[in-house]
Amino acid sequence: MRVYNFAAGPSTLPVSVLEEAQKELLDYQGTGMSIVEMSHRGKPFMAVNAEANALLRELMNIPDDYSVLFVQGGASQQFAAVPLNLLKNGKADYILTGNFAQKAYEEGVKYGDMAVAASSKEDKYTYIPDMKSVKFRDGIDYVHTTYNNTIFGTRYTELPETTATLVTDMSSCILSEEVDVKKFGLIYAGAQKNIAPAGLTIVIVRKDLLGNASPICPTMLNYAIQDKNDSLYNTPPCFPIYMSMLVFRWLKKMGGVKVIQKINEEKAAMLYDFIDNSSFYTNKVNKKDRSIMNVPFVSPSEELDAKFVAEATKAGLVSLKGHRVTGGMRASIYNAMPVEGVKALIDFMKKFELENK
Ligand SMILES: *Cc1c(COP(=O)(O)O)cnc(C)c1O
């Protein structure tokens, strides 16, 4: 039996996509083998690679002057790849809104003169700094932001006011809501939260930013080289690319990002409304900055948190334990989490509250 899986990543995938992959696993379209057993330079895989790329462009409305790269190493590898490719003046500013933002900054410091323009660390990352009051240094090559903060459950609703190139990590929110790609010079995202199995990282980069990589930039991290080779410089992560294609088709059939955004907002509103109206559960995030993908919450005590997670698991609601730095619970409600899953969680929360008040 399938459970409702609230894992932050790797995370739940649409059942219809899993079934399709299962159906095709022994014999991909009459080839007598699966998509992961054949050459990445053969026709069938090249078609998958091209379709996945084209569908992502269509779903996100990515303009022609942007490249879409399929790379490896996770979002964490981009913490180094971004400065190695984008630094020209040798400096950039970072906004720290969570652990991953902090890690991106610490990695960046190895390659240039990096500064923290704003941080919500003092308040345990429970809000996104007010963009109007954030000031940046002159002559920076980019501003780095983390659009959705997976661990702390916050997201940007406004962008920094800067003429510098805007870079953002969308690992836990890509395709969850409409974004204007043109506002960014570079967007990157690990696929394992809202798209596909782990192993694929998506980089969307404006083409004028290509070609300035540092001489010490490893070939594999060089965006211009990946672009020139249609992301097939070396053996790509074939399976996650194939799964991405299936997920993109699923999303397109549903009506695209506009439609899923509405569903996501409804799911998140249901859960936040329930938490806000309860005297038992709390979400500590500044309301305006709440993520629609990751919803952290606590019960009145750590003992009850542990009991909640254990009993929820028995009830088929799994991976609700919060990240080790925050404790408590976290419900990740990505695109593939059906509305019924959120309803089942709320029903369980009601029951647990009655039994433990
Ligand atoms: C999960 C996550 C990462 C790390 O991703 P990896 O692919 O494991 O390197 C980075 N940033 C954000 C916002 C994330 O949610």
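Reader: What does contact mean here, and how many residues of domain 1 are in contact with residues of domain 2?
Author: Contact means heavy atoms within 4.5 Å. This is a predicted model, in which local features need pLDDT of at least 70 and side-chain atom pairs count only at pLDDT 80 or more, while totals for chains, interfaces and linings use all residues. Residues are numbered from 1 along each chain as its sequence is written, and side-chain values use heavy atoms, with hydrogens and water left out. Across the boundary, 35 residues of domain 2 are in contact with residues of domain 1 numbering 33.

Reader: How much area do domain 1 and domain 2 bury between them?
Author: The domain assignment, which is automatic or from a database, gives domain 1 as 4-13 + 255-356 and domain 2 as 16-254. Buried area is the accessible area (1.4 Å probe) that two parts lose on being put together, summed over both. Carbon and sulfur atoms carry 57% of the area between these domains, and the total is about 2,700 Å².

Reader: Which three residues supply 23% of the area that domain 1 buries against domain 2?
Author: No other three residues of domain 1 supply more of that area. They are Leu13, Val257 and Asp289.

Reader: Which residue has a side-chain N or O atom 2.6 Å from an oxygen atom of the ligand?
Author: A polar contact is a pair of N or O atoms within 3.5 Å. An oxygen atom of the ligand is 3.0 Å from a polar backbone atom of Ala75, and an oxygen atom of the ligand is 2.9 Å from a side-chain N or O atom of Gln192. The residue with the 2.6 Å distance is Ser76.

Key. A polar contact is a pair of N or O atoms within 3.5 Å; within protein, one must be able to donate a hydrogen and the other to accept it, and residues adjacent in sequence count only if both atoms are side-chain atoms.
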